[in-house]
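Good morning, and thank you for joining. Please look at the sequence and the structure on the screen while I go through a few points.

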Amino acid sequence: MNGTFAEHPEIAARFPDLHPPFDPRAAVVEANRCLNCFDAPCMGACPTHIDVPKFIKKIASANVTGSARTILEANVLGASCSRVCPVEVLCEGACVMHGREERPIEIGRLQRFAMETYYSSGGRIPLRSRPERKQSIACIGSGPASLACAAELRQQGFQVTVMDRRSFPGGLNTYGVAEYKLRAADSLHEVEQIRELGVKFETRKIDAGTLDHLERDFDAVFLGVGLGAMQRLDVEGVADAGPALMDALEFIAGYKTGKRLAVASRVVVIGAGNTAIDAAVAAKRLGADEVTILYRRQRENISAFDFEYEHALKEGITFVWEMLPVRLTSAASGLTLICTRVRTDASGRLVPVAGADLTIQCDVIIPAIGQSPLFELLQQARGVKLDKGRVIIDRATGQTSNPRFFAGGDCVNGGREVVDAVADGKRAALGIAQWLGTPAERSAATGTPPWLT
Amino acid sequence: MADLTTNFAGIRCPNPFWLASAPPTNCGEQIMRAFDAGWGGAVWKTIGEPITNVSSRYSSVDWAGQRMMGLNNIELISDRPIETNLREIAEVKKRYPKHAVIASLMVESKRENWHDIVKRAEDAGADGLELNFGCPHGMSERGMGSAVGQVPEYAQMITAWVKEAARTPVLVKLTPNITDIRMVARAAKRAGADGLSAINTINSITGIDLDTFAPRPMVDGKSSHGGYCGPAVKPIALNMIQQVNGDDVDGPPIPMSGIGGVSSWRDAVEFFLLGCGTVQVCTAAMHYGYRIVEDMIDGLSNWMDAKGFATIEDFRGLSLPRVTDWKHLNLNYKIVASIDESLCIGCQLCHIACWDGAHQCIHLDRVSGVVDGQVEVHAKPRLNGLETIAVTPIAKLDPPKPHVGPYAISLERIPRVDETECVGCNLCSLVCPVDQCITMVERSTGLAPQTWAERTASAADCAPPQVAG
């Protein structure tokens, strides 16, 4: 995991910033608008509990260094979170400005301003002064949960190795976030900051048997493995579709790494979650003429955030509601997808509506109907209990039913946001540190991390 | 429709808004444009032997993203020949006979110099004279400006010289850079001045560049104290004007032209309520141009119409009797803070302001249980938001946070006032960002009004404790 990454110029041109950054003057004006609430609701709404008024008022006082360090203290991935967080339902959703019918403080853009100003002027994650510790921890997966866990453990002096099967670290931050929100290059820059703390990164596929070795070689293991591939589309004729059927995450990773620069004319995305919208918008920007999102229920049932849906409409995506794909036929001229109209009955079940089938001609089908859990991998970790494919943990410490294993992020929560993974990873790091601490340290600890007491 | 025409110490003008003696009144061309914009009068940039200025000359204090809360200058009096200024005065008066043109004067402290300049200014057509005894920088080092205004005897002497020669009203402009502004005001009255104007600018250093360590405004690496003006100085000006306009020593108050941070009609009304007959404006015009006078006139007229005042004389000075010595304030008047829960947005600024900056009587205990009485804790406040594990909400999976109470904001975020401890200081209502959310309401103490003066007049209350035996 040491190769250099070069952004493809065509991808850069097709996926410019969705939200322009603040210029310094505008950032100060916006920072001054913040009321500096006491026990601010934005801070409580942030899964990583960034001290929002504190970092914002430091922007107002032209102390951007202090601002960025305030963010990093709570959230080591403060730069990427500032760009990918659904702030509308988090900090900005909690802003008291809503109470007086004013637009909330633009916390996300201010955070981005602080982080980018800091990093672009050579700022680093401040290294805490602490003694080195001998104990070592393996973090499996290199996504946000593992990065946050690794950074916090390293800050406490532990020896940490992050392992991932992919050639570049960062997990979905590098491979899965829409490029107009977070560039792969920016994700990798952030990972480099964590590497500079002294965290080791290895490209290593973890499979059956490997976990045994890890358990022998490391004092504790953090599972930040995320979820697996997109769930398979269970439709007659899928097997014949070949490369015209694409996994949404692979599709997104393909263009982000510059391997895919175009897509065929007619694209159908199945599912209406945030990933479905990322894939649909990407298809449009890669040159597709018609992009359709098929969803089996209605607009109000989609799991994508409202602003993602609005964004998709602006990009020219067509939504087709209450349609269930049932059969796919492949020919040289393209794919034919037969769908049945369905209604949701009072008990929430889908009921077919007779005589209202829809036939869609297309070239590419991208199912985005949720990721599968990594059953195979997780079942190798002996004693780690799962529930419906998710790792069961103690929420305050991240500890699993096998005390040497801790976990966080999508493999625990089933797929939430980057900031949730960061919070999980940090909580687990504090749990691990406490569990690995000397008996005195353990008895001094209250049982929960200090920031949860 | 309100009548704004003004007769100030015998100087007539269409409205009470004058431009103060400053860069906006540097030359005739400017003043004619100002009159076209609606200004009722202008005090000419101080006329005297031409000086040489430095660059730069101005610096300002910005606050919370707003420019020029306060402005500072180290510019001296007019750098133009006396004859040029006088010729232009004549031209302006010819073209604008109904507008007030006041000549601001400053010459060396010799009787004949003052006699000469007074005669020339009046011959040019000035409607009145303003004696610049206030300029706090540069000129004062040469024995003029505030060097005169800071010594009542000098001010009286020169005012008397001017009065010997003057046929038009003479205004004395007071400096605030003095311990008691009334001393010079009294001196002016004793010398027969027809009116006063106050305040001139306040000695200041506006700031220092943190990279070069040079104070602002910087002149080749150095600076000098300047004169401070703009919105920041208005409260100081109002206080000094009240002191002078409420002072009967050496005769009743004489007409006062109010100066100091007047930026809008509202500011002007405050100066009128403290007895001013006109106001003079500089910083606001330097910031936005002469056009600001339009709203000053319009806003003042509309306010007067709404209040039923036909002329400024109808309300001039109404607030003067409301200012008194502290010892005459009613000690038995009690107000307490009242929070309108339906307007509260839950910012809790009132709580922390009361907790850290006042009397620890605004609590966050509506849900945990109301406790009145004096607080004896010395611990960091518990922060509710950080006690929980927060996740990005997914509508299908995460129920919304429980909402307590009937108001838009959940009750645990709405602070509560302990009236038994509230001292009625106002701080919470000042920091509250929502208009009318925190109001101060009167609570009867059941006691008759009593002032400190009254209380100490009775020997029993103010006598020192008696030592037994």
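Predicted model: local features only at pLDDT ≥ 70, side-chain atom pairs only at ≥ 80, totals over all residues.

Let me begin with the overall description of chain B. Its secondary structure comes to 14 helices and 20 strands. The C-alpha trace of chain B spans about 85 × 75 × 55 Å along its principal axes. The domain assignment divides chain B into domain 1, residues 6-322, and domain 2, residues 326-462. Taken over C-alpha atoms, the centres of these two domains of chain B are separated by 43 Å. Of the 469 residues in chain B, 42% are buried. As for contacts in chain B between residues at least 6 apart in sequence, 75% of them join residues at least 24 apart.

Next, the contact between the chains. Here 27 residues of chain A are in contact with 25 residues of chain B. On the chain A side, the elements giving two or more residues are helix 2 (24-33), helix 3 (41-45) and helix 18. Helix 3 of chain A gives the most, with four residues. By class, that side of chain A has 16 nonpolar, five polar and six charged residues.

Helix 18 of chain A, residues 418-436, also packs with helix 9 of chain A, residues 144-155. Two packed helices are described by the angle between their axes and the distance between the axes. For this pair in chain A, the angle is about 35 degrees and the axes are 7 Å apart. The crossing of helix 9 and helix 18 of chain A is right-handed. Among the residues that meet are A:L147, A:A148 and A:E152 in helix 9, and A:V422, A:K426 and A:I432 in helix 18 of chain A. By class, this contact has 14 nonpolar, two polar and three charged residues.

That concludes my remarks, and I thank you for your attention.

Definitions and conventions: Residues numbered from 1 in each chain as written. Chains lettered and ligands numbered in written order. Axes fitted to C-alpha atoms, helices over the stretch in contact; angles between N-to-C directions. Left-handed = near helix turned anticlockwise from the far one by under 90°. Contact = placed C-beta atoms within 7 Å. Nonpolar A, V, L, I, M, F, W, Y, C, P; charged D, E, K, R; others polar. Domains from an automatic or database assignment. Buried ≥ 20, exposed ≤ 12 C-beta atoms within 10 Å, placed from the backbone.
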